[in-house]
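Hi,

Here is the structure I said I'd pass along. Have a look at it first, and my notes come after.

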Amino acid sequence: MLSSPLISVREENKMFVLLTLLTLSWGWCVSPHPRPKCDRCNENFVCDCSSLNLQEVPAISTTSVISLDLSFNEIKTIGQDDFFVYSNLHVLILRGNMISSIAEQGFSTLRKLEVLDLSDNQLNGLSEMWFKSLSSLHHLNLLGNEYKTFGGKTLFRSMTQLSTLMVGNQFLASVSKDSFIGPNHLQSFVFHGSNLQNYQPGSFSQINSIDEVTVSINGPFQINTSLTTDILRDLSRPETKIILSDLRISWQQLKPFQVIFQNGVKKILLRNLSCSLDTIIPLYGMTQHSLLTSIGLEDCEFSGEPNNITVHFPVLDFVDEFYFRNIQLDQFYNFPAFHSIDPLIQVLMRLKRVSIIESNVFAMPHITTFLLKNLEYMDMSRNQFTDLTLREALCDGQIYPCLLSIKVFNISSNYIRSFDTLSHLFRGMKKLAALDVSLNVFRTMPLICVWPQSLRYLNLSSCQLRGVTSCLPQTLDILDLSYNDLMVFHQNMPNLTELHLSGNRFKTLPEGKLFDRLVVLYIKSNPFIFFSQNQMRNFGGLRILEAGTDTYVCSCEFVNFFNHELGHLVSLKDGRQAYICSSPFALRGTKVSDAQLSVFKCHAALAFSALCVFVLVVVIGAMVMCHKLHMIWYVRMTWAWLQAKRRPVARKDQVCYDAFVSYSESDAEWVEELLVPELEGAQPPFRLCLHKRDFLPGGWIADSIMAAMEKSHKILFIVTQHFVQSDWCRLELEYSHFRLFDAGILILLEPIPDSTIPKRFCKLRKVMNSRTYLEWPEEDNERPRFWQSLKDTLHMAE
């Protein structure tokens with residue numbers, strides 16, 4: 001008998017626990033842990049949520065986000081639903097987090113994704129399921145993770161549109177043969193494998209076509225030259241530019257390079273190379289009779305002294321481009337002389353593009369420049385040329401001119417000081433189309449200069465110019481004067497289509513009529529106050545404007561023009577958020593597009609006129625209402641009541657009249673010919689007070705009326721239609737409403753219907769409806785009785 005209750009209790013406990021678990025699970029379903037939020041999105045649905053110390057994918061303020069940057073946070077995992085609602089995402093940057101795991105379906109909804117950056121995380125393996133749905137992906141970066149092997153036939157199989165692929169890290173040890181099946185054509189392929197131990201030949205050959213490949217495998221050069229040879233053989237193709245990065249080599253490790261030149265590679269760039277002169281000279285010699293058209297060195301350092309090597313300059317039949325950037329040659333003065341200069345002459349005469357950038361070059365012999373007869377592009381930026389050495393390099397004073405075929409010349413960021421020297425040196429270059437002399441120091445320019453008629457582009461930015469003159473070439477299509485000290489621009493440039501004036505000291509736009517063909521104007525970061533509709537219309541063909549700054553005076557005219565009309569004239573390339581108010585003070589720091597100004601401030605005349613009309617309407621309406629509701633009468637009643645309250649009550653010895661007669665002037669004949677003789681001729685006579693006879697002249701009529709009423713025992717109201725319409729009779733009646741009305745005697749000379757008595761005379765209506773009043777009889781035989789009744793009433797007052 002005891003077991004049954006125990007069993008039921010246990011079952012109840014189980015049910016309780018089950019219900020509790022269900023409740024908790026339901027709570028978890030409907031109230032998940034709230035994700036952090038990020039609302040740093042612009043009007044184009046581009047969200048920058050980088051560097052916010054986020055530990056998980058945040059909730060974005062809009063599900064229409066197109067680009068999402070989550071780089072440099074502390075995200076560790078990517079869940080299956082983290083990007084579920086962001087199906088429109090095109091760009092996803094997850095660089096620099098601590099991601100170690102990604103759900104297999106983590107990117108399954110991102111079918112429109114074009115850019116995915118997972119670099120510098122902690123992924124120790126790669127899953128083909130991550131990329132299965134990313135058929136639209138163009139750019140994929142997997143550098144800097146911790147995976148040790150790279151393989152799998154289906155890893156990239158679905159990504160046939162991939163154009164940029166970046167893979168590898170310092171832990172990568174092996175690459176299998178079928179790792180790169182899928183991409184048909186890569187514009188850029190970057191591979192880092194400094195500790196690669198195992199490479200199956202043919203792995204990189206799975207990629208059908210590559211425009212540019214960057215290989216960083218410095219470790220194998222020192223360990224396994226055959227592995228390096230296999231890699232370079234698979235990547236070396238005539239159509240592929242080879243970039244070898246982060247090299248530390250000696251002359252004993254040059255053999256793998258031979259395969260590059262043997263396979264017909266046309267373009268090669270050595271980046272971050274460190275070696276001795278005894279190494280670079282044999283490497284350079286390997287290019288003999290190769291198909292190279294472009295040779296480049298970037299961020300390279302050559303040290304040591306050659307061991308009395310005499311160099312035979314190789315025959316380079318196809319090279320037309322040299323690119324050298326940031327080359328450090330410790331003992332350049334000990335660089336070995338070439339045994340035969342003839343091949344060098346042939347190369348110089350064939351070159352079309354030469355770039356020697358940031359390499360501390362301070363001089364170039366004019367004979368070298370003279371040999372560059374076919375040169376079309378020359379970049380000598382960020383070196384140490386001066387006016388004197390530039391004269392030497394450009395054959396100034398020589399019998400034969402040089403660089404007659406040059407089209408683009410860049411001498412920016414050197415030590416050129418004379419603007420006159422520039423125009424003098426370049427005037428003979430009849431094919432020169434673009435000239436960049438930015439980041440030199442000129443400050444001023446001469447009034448007149450001579451330039452080649454072919455010049456279309458001139459860059460004078462960051463030259464500390466304080467003014468411009470007619471020295472500017474009239475043939476220019478594009479002129480860059482940004483980041484100088486200019487305050488005005490008055491030069492007529494009829495052919496100019498693009499003008500850069502950002503970072504100067506303009507307070508308003510230059511005169512648009514000077515630029516008949518101008519389409520693009522960059523003039524941001526100037527201390528602008530405003531610009532007007534007329535100024536914009538003067539430009540005529542202007543279509544693109546960039547004028548953002550934080551110094552605008554947000555007047556009513558400017559704010560209205562900016563928000564409602566500017567968009568019809570030009571397109572703001574820097575976006576409306578770049579235009580900030582500096583005044584009035586209340587709007588400082590506010591975007592012009594968000595500025596809210598008072599209607600009375602912006603439309604003072606209109607607002608004042610509207611206010612006046614409103615006041616007039618109110619006044620007229622009030623007058624009409626007062627007339628309809630008899631407000632004036634009520635005011636006068638109130639005034640009469642106040643006047644009566646202020647007056648002292650008359651003493652009994654001051655009451656000297658038996659009756660005060662209140663009547664209309666139209667009824668004076670009846671009063672004077674009938675009432676007065678009858679009452680004043682009685683025995684004993686009655687003393688009446690008539691305003692025409694007994695009021696003192698010169699006094700206020702209202703005061704006289706009130707005084708007469710106070711000095712009378714009775715008030716006789718001779719009520720007729722004229723009485724009701726009389727202003728003074730109304731005043732007397734109004735005053736009697738407050739004092740002595742009980743002593744009033746109403747005499748109706750004629751019948752008065754209730755409808756003819758104004759509604760405001762409510763007390764008069766009440767008296768006539770509830771009390772007896774004397775009515776003047778029409779029949780003569782009734783009149784003695786009328787007079788007797790009136791006299792009896794007056795006697796009662798005494």
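Below is what turned up when I went through it.

Keep in mind that this is a predicted model. I'll start with the inside. The largest nonpolar core has 165 residues, and F83, F107, F189 and F257 touch the most other members. If you click on F83, you'll find it in contact with F107, and also with V57, L68, L70 and I78, among others, leaving aside neighbours within four places in sequence. Apart from that core lies another one of 24 residues, including F686, I745, F786 and L794. None of this is odd in itself: in soluble globular proteins, nonpolar side chains tend to be buried together.

Next, helix α17, which covers residues 668–680: it bends by about 25° at L674, and P677 follows within four residues. Among the buried residues of α17 are W670, V671 and L675.

Now the backbone. Most residues other than glycine have a negative phi, and most peptide bonds are trans. Some spots here go the other way:

- S583 and P584 are joined by a cis peptide bond, omega about 0°; P584 is in the loop between β33 and α14.
- Q683 to P684 is cis too, with omega near -5°, and P684 sits in the loop between α17 and β35.
- S51 has a positive phi near 55°, and N53 has one of about 60°.

Cheers

Terms used. Residues numbered from 1 in each chain as written. Predicted model: local features only at pLDDT ≥ 70, side-chain atom pairs only at ≥ 80, totals over all residues. Heavy atoms only, no water. Bend = angle between axes of the 7 residues up to and from the residue. Helix = DSSP H or I, 4+ residues; strand = E, 2+ residues; numbered from the N terminus. Buried < 20%, exposed > 50% of the residue type's maximum accessible area, 1.4 Å probe, protein only. Core = buried A, V, L, I, M, F, W, Y, C linked by side-chain atoms within 4.5 Å. Contact = heavy atoms within 4.5 Å.
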